[in-house]
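Here is a friendly walk through one protein model, written for someone meeting it for the first time. Have a look at the picture, and then we'll go through it piece by piece.

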Amino acid sequence: MKIEHYIRLGLVAGLVLAHFALIACEEAKEHTAAAVNERDSASMMVSYGVNTLISDSGVIKYKIVTERWDVNTIKNPSRWTFEKGVFFEQFDQKFHVEAYVQADTAWYFDQMKLWKLRGRVRIRNVNGLVYTSEELYWDGLRHELYSNVFSRVVTPERTLQGTCFRSDEHMRHYTVSNSKGSFTTEDMEKDDEQQPTTPGDTTQQQTEPILRPQATKHARTVTTTD
């Protein structure tokens with residue numbers, strides 16, 4: 001009698017355990033992370049504390065110093081992003097420093113060889129020229145710099161500021177439109193001899209992001225419109 005009693009208790013306990021096990025299996029949930037909908041939002045490489053040299057066609061062109069460097073080849077167009085700011089030196093073919101460049105944020109569209117610098121952009125070259133603006137494009141295919149926002153150029157001889165800036169990438173030949181500034185009498189006489197008088201103020205439409213303007217022939221002197 002006692003043996004049969006224990007057998008019945010064992011069967012009841014087994015049924016109860018099986019019931020709870022079945023409920024637990026039905027309520028179990030798989031813990032997974034949310035899917036990434038935008039595939040191009042993730043960088044293929046992120047580097048911190050970067051201090052490196054960049055070459056082009058086997059020639060060292062820049063030394064880049066940045067806190068964070070993101071490389072994304074899936075975005076269209078593909079790009080390098082410097083969200084924490086960037087500082088770099090530009091070298092000539094003999095590895096001499098030609099200019100120092102810095103900005104709060106920068107993008108480099110590697111397929112287009114186009115730099116976009118934004119936020120406290122500052123350039124200083126070996127000739128003592130200092131350029132400042134809030135936005136600047138650097139076209140590596142056309143070898144020129146351009147900006148359609150307020151820019152300021154300071155040299156040992158003159159100070160200029162305007163809303164349209166064009167220059168060769170060495171900052172030797174440049175033009176500033178819609179501008180005002182200070183000149184010496186000799187500067188004005190040289191300008192009058194080398195080129196005709198420019199008509200009154202002109203306005204230009206804002207260039208769309210990462211689009212190149214039409215090719216510009218860079219003058220050897222500063223052009224102003226008042």
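## Salt bridges and strands

There are 4 salt bridges in this structure, which is a predicted model. As a bit of background, side chains of opposite charge can pair when their charged atoms come close.

| Salt bridge | N to O distance |
|---|---|
| Glu98 and Arg172 | 3.9 Å |
| Arg120 and Asp104 | 2.9 Å |
| Arg118 and Glu135 | 2.8 Å |

Let's start with Glu98, whose salt-bridge partner is Arg172. Glu98 belongs to strand β5 (residues 97-103), while Arg172 sits in the loop between β11 (159-168) and β12 (174-182), so this pair ties together parts that are 74 residues apart in sequence. How covered are the two ends? Glu98 is buried, with a relative accessible area of 14%, whereas Arg172 is partly exposed at 49%.

Next comes the salt bridge between Arg120 and Asp104. This pair, too, links distant parts of the chain: Arg120 is in strand β7 (residues 114-125) and Asp104 is in the loop between β5 and β6 (105-109), 16 residues apart. Arg120 is exposed, with a relative accessible area of 60%, and Asp104 is partly exposed at 31%.

Then there's Arg118, which meets Glu135 side chain to side chain in a salt bridge. Arg118 is in strand β7 and Glu135 is in strand β8 (residues 130-139), so parts that are 17 residues apart in sequence get tied together by this pair. Arg118 is partly exposed, with a relative accessible area of 36%, but Glu135 counts as buried at 11%.

### Around strand β4

Now for strand β4, which covers residues 86-91.

β4 has pairing partners in β2 and β5. Strand β2 (residues 59-72) pairs with β4 in the antiparallel sense over 5 bridges, and Thr66 stands opposite Val86 in β4. β4 and β5 also run antiparallel, joined by 6 bridges. In that pairing, Glu89 stands opposite Tyr100 in β5. The two strands β4 and β5 make a hairpin with 5 residues between them, and Phe95 in the turn has a positive phi of about 65 degrees.

Phe95 turns up again on the surface. Together with Leu53 and Ile60, Phe95 forms a nonpolar patch that has about 250 Å² of accessible area in total. Leu53 comes from strand β1 (residues 45-56) and counts as partly exposed, with 42% relative accessibility.

Which way do the residues of strand β3 (residues 79-82) point? Arg79 and Thr81 point one way, Trp80 and Phe82 point the other way, and all of them are buried.

β3 pairs with β2 and with β6. β2 and β3 run antiparallel and are joined by 3 bridges, and they form a hairpin with 6 residues between them. On the other pairing, β3 and β6 are antiparallel as well, over 3 bridges, with Phe82 standing opposite Ala106 in β6.

Asp70 is found in strand β2, stands opposite Thr81 in β3, and counts as buried at 7% relative accessibility. What does Asp70 touch, leaving aside its neighbours within four places in sequence? The contacts are with Ser43, Met45, Val46, Arg79, Trp80 and Thr81. Asp70 and Phe82 are 12 residues apart along the chain, and their C-alpha atoms are separated by 6.6 Å.

Finally, a word on confidence. The average pLDDT for the chain is 75, and 61% of the residues score at least 70. Over residues 195-209 the pLDDT is below 50, and this stretch has 26 contacts in the model beyond near neighbours in sequence. Where pLDDT is low, the predicted coordinates should not be read in detail.

Definitions and conventions. Residues numbered from 1 in each chain as written. Predicted model: local features only at pLDDT ≥ 70, side-chain atom pairs only at ≥ 80, totals over all residues. Heavy atoms only, no water. Helix = DSSP H or I, 4+ residues; strand = E, 2+ residues; numbered from the N terminus. Buried < 20%, exposed > 50% of the residue type's maximum accessible area, 1.4 Å probe, protein only. Pairing = 2+ DSSP bridges. Patch = residues over 30% accessible without salt bridge, like charges linked within 9 Å, V, L, I, M, F, W, Y side chains within 5 Å. Areas by Shrake-Rupley, 256 points an atom, 1.4 Å probe, with all protein chains shown as cover. pLDDT = per-residue confidence, 0-100. Contact = heavy atoms within 4.5 Å.
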